[in-house]
Amino acid sequence: MKRTMMSLIGVSVALAAVTGVAAVATPDGGAPEAPRGGTRLPVQRSALLCPAPTSSEVGETAYTAFAPQKAAAGADGKKSTAQLLPAGTVKDTGGTGGGKDKGKGKKGAKGGEGAADSAAGQAVPPRDTKPVVPLRQAGRPVTTTTDSADAPALVGTADGALAPGWTVQQTTSVAAGSGRGLLGLGCTAPDTTFWFPGVSTATDRQDYVHLTNPDSTPAVVDLELRGKDGALAGSAGEDISVPPHTTVPVLLSTLTDTPTTNATLHVVAREGRGGAAVQASDSKLGSDWLPPAADPSPSVVLPGVPKDATSVRLVALAPGESDADLKVQLATPTGMITPAGVETLHLKSGMTTAVDLKDLTKGEAGSLVLTPSDSGSKVPVAAALRVTRGKGAKQEMAFIPATRPVEKRATAVDNRGKDATLSLVAPEKGKDAKVKVTASAGSGGGSPVTKTYTVKGGTSLDAVPPRPTGLKGSYALTVEPEPGSGPVYASRMLARPQGGVPAFTVQPMPDDRSSVLVPTAGQDLSVLTD
């Protein structure tokens with residue numbers, strides 16, 4: 001029986017090279033070890049989901065798609081495709097209805113009367129089914145823009161040589177109104193669980209979680225909100241039905257009777273799978289996307305706190321059954337420092353903790369590193385930062401979630417001119433990171449440029465990244481650790497001022513998981529369990 005079971009596992013791993021679903025990391029965030037005689041091959045299919053960008057009448061969204069040049073290596077000659085298609089939507093009813101069931105999130109609800117209709121799959125189909133940012137070649141990004149307030153969510157796949165490292169970003173600029181600001185998001189792969197430390201149900205915030213189902217069968221999702229005392233009172237977010245190829249936006253404040261400034265959202269797909277992202281809008285600080293944080297881990301890294309940050313707030317949760325005690329350190333260009341008054345952090349099990357770190361960086365960019373106070377602790381934690389730039393009425397916020405390390409390669413797109421800052425951090429002392437950074441050809445022309453950076457262990461580095469020669473349009477940045485490099489984490493900040501407001505957005509750059517471990521043909525995996 002053991003031999004039969006392991007043979008089946010071998011088949012499933014081989015199939016993963018086609019679907020990409022087995023390209024995962026170990027629980028502590030590291031790369032899985034290859035089985036003896038195994039090899040790492042590029043995935044043959046990738047999936048991405050992009051939420052509806054904005055409902056503002058004065059917003060403009062740019063979509064940019066890219067696949068690294070190396071993706072073409074080893075192509076089997078078959079035609080490769082990569083494209084996104086519009087998804088349907090369940091219309092917003094959040095907060096518009098009345099009665100005792102208002103905002104209880106029933107059966108696909110976004111709140112309000114009539115929201116339960118989404119459980120029956122009564123979604124509004126997209127008005128246009130034309131592909132968005134179709135990609136036909138690796139190494140050069142493609143881009144398109146829209147100013148529609150009804151721009152839909154997008155779902156799509158990349159096949160063949162374009163699948164490994166396929167990356168899509170949506171960047172939205174909203175010039176005025178309650179949702180003003182620069183909103184950036186790397187479109188995410190479908191999954192079954194997501195963590196969002198840093199959400200809010202307070203009256204000065206409107207946070208929507210966008211749930212998108214890429215498949216042809218319904219998904220059933222549970223939403224759980226946790227505040228400083230645990231599960232929020234009156235919280236109701238179970239059995240939310242997301243119809244096939246459809247997105248459901250849920251206003252988080254309609255899920256609870258308890259306004260809470262600092263909370264953690266846990267999204268779990270009990271049936272099917274999907275994508276999730278939170279769009280946060282603050283009455284004073286503008287708006288941005290809060291991407292999902294890396295899976296809970298004993299140590300977490302939050303890269304890319306800008307040097308001119310005027311306020312930094314850390315929100316963290318220990319989701320398991322044990323409390324967590326953490327050391328709080330800021331990796332700077334000269335080494336690790338401990339923020340004054342916040343040397344350690346105690347997280348009670350299942351309760352969200354928020355700490356204001358104020359002007360943490362004090363004019364010197366850095367990255368936050370949380371590690372167990374007891375080096376032997378394995379208690380996992382999830383964390384994110386809300387970062388503010390500017391002062392008075394001209395402030396703008398962005399979010400930096402904990403992210404996975406760059407193991408093989410990571411990519412950030414929609415860089416234009418000199419608006420991008422690349423952040424790299426090597427969090428382990430004595431383990432220097434050496435990375436190759438490539439600026440791709442521009443979407444409208446230009447030649448790639450590569451530069452190598454060395455980050456001393458225990459430090460961070462902020463740099464203006466290389467730009468393509470003769471750049472026209474936007475370009476992609478890829479980060480690749482050199483052989484023998486120590487662990488490295490990365491993020492990219494875009495800064496595009498809006499009428500005196502220092503509008504910005506930060507995208508983490510986790511490993512793109514573009515490869516999968518596959519056993520050697522004919523290998524008998526049963527020997528691995530003997």
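Visitor: Which residue forms a salt bridge with aspartate 207, and how far apart are the closest N and O atoms?

Guide: The model is a predicted one. In it, aspartate 207 pairs with arginine 205, and their closest N and O atoms are 2.7 Å apart.

Visitor: Are aspartate 207 and arginine 205 buried or exposed?

Guide: Both aspartate 207 and arginine 205 are buried. By the rule applied here, the count of salt bridges comes to 17.

Visitor: Which parts does the pair of aspartate 414 and arginine 496 tie together?

Guide: These two side chains meet in a salt bridge at 3.7 Å, N to O. Aspartate 414 lies in strand β29 and arginine 496 in the loop between β37 and β38, so the pair ties together parts that are 82 residues apart in sequence. Aspartate 414 has a relative accessible area of 1%, and arginine 496 has 16%; the cut-off for buried is under 20%, so aspartate 414 is buried and arginine 496 also counts as buried.

Visitor: Where do lysine 436 and glutamate 480 lie?

Guide: Lysine 436 is in strand β31 and glutamate 480 in strand β36, 44 residues apart. The closest N and O atoms of their salt bridge are 3.8 Å apart. Lysine 436 is partly exposed, at 24%, whereas glutamate 480 is buried, at 12%.

Visitor: Which residues have the most contacts inside the largest nonpolar core?

Guide: In soluble globular proteins, nonpolar side chains tend to be buried together. Here the largest nonpolar core has 31 residues, and those with the most contacts inside it are Leu302, Leu368, Leu370 and Leu385. Apart from that core lies another of 29 residues, including Phe196 and Val248.

Definitions and conventions: Residues are numbered from 1 along each chain as its sequence is written. This is a predicted model: local features need pLDDT of at least 70, side-chain atom pairs count only at pLDDT 80 or more; totals for chains, interfaces and linings use all residues. Side-chain values use heavy atoms; hydrogens and water are left out. A nonpolar core is a set of buried Ala, Val, Leu, Ile, Met, Phe, Trp, Tyr and Cys residues joined through side-chain atoms within 4.5 Å. Buried means under 20% relative accessible area, exposed over 50%, partly exposed in between (1.4 Å probe, protein chains only). A salt bridge is a side-chain nitrogen of Lys or Arg within 4 Å of a carboxyl oxygen of Asp or Glu. Helices (H or I, at least four residues) and strands (E, at least two) are DSSP runs, numbered from the N terminus.
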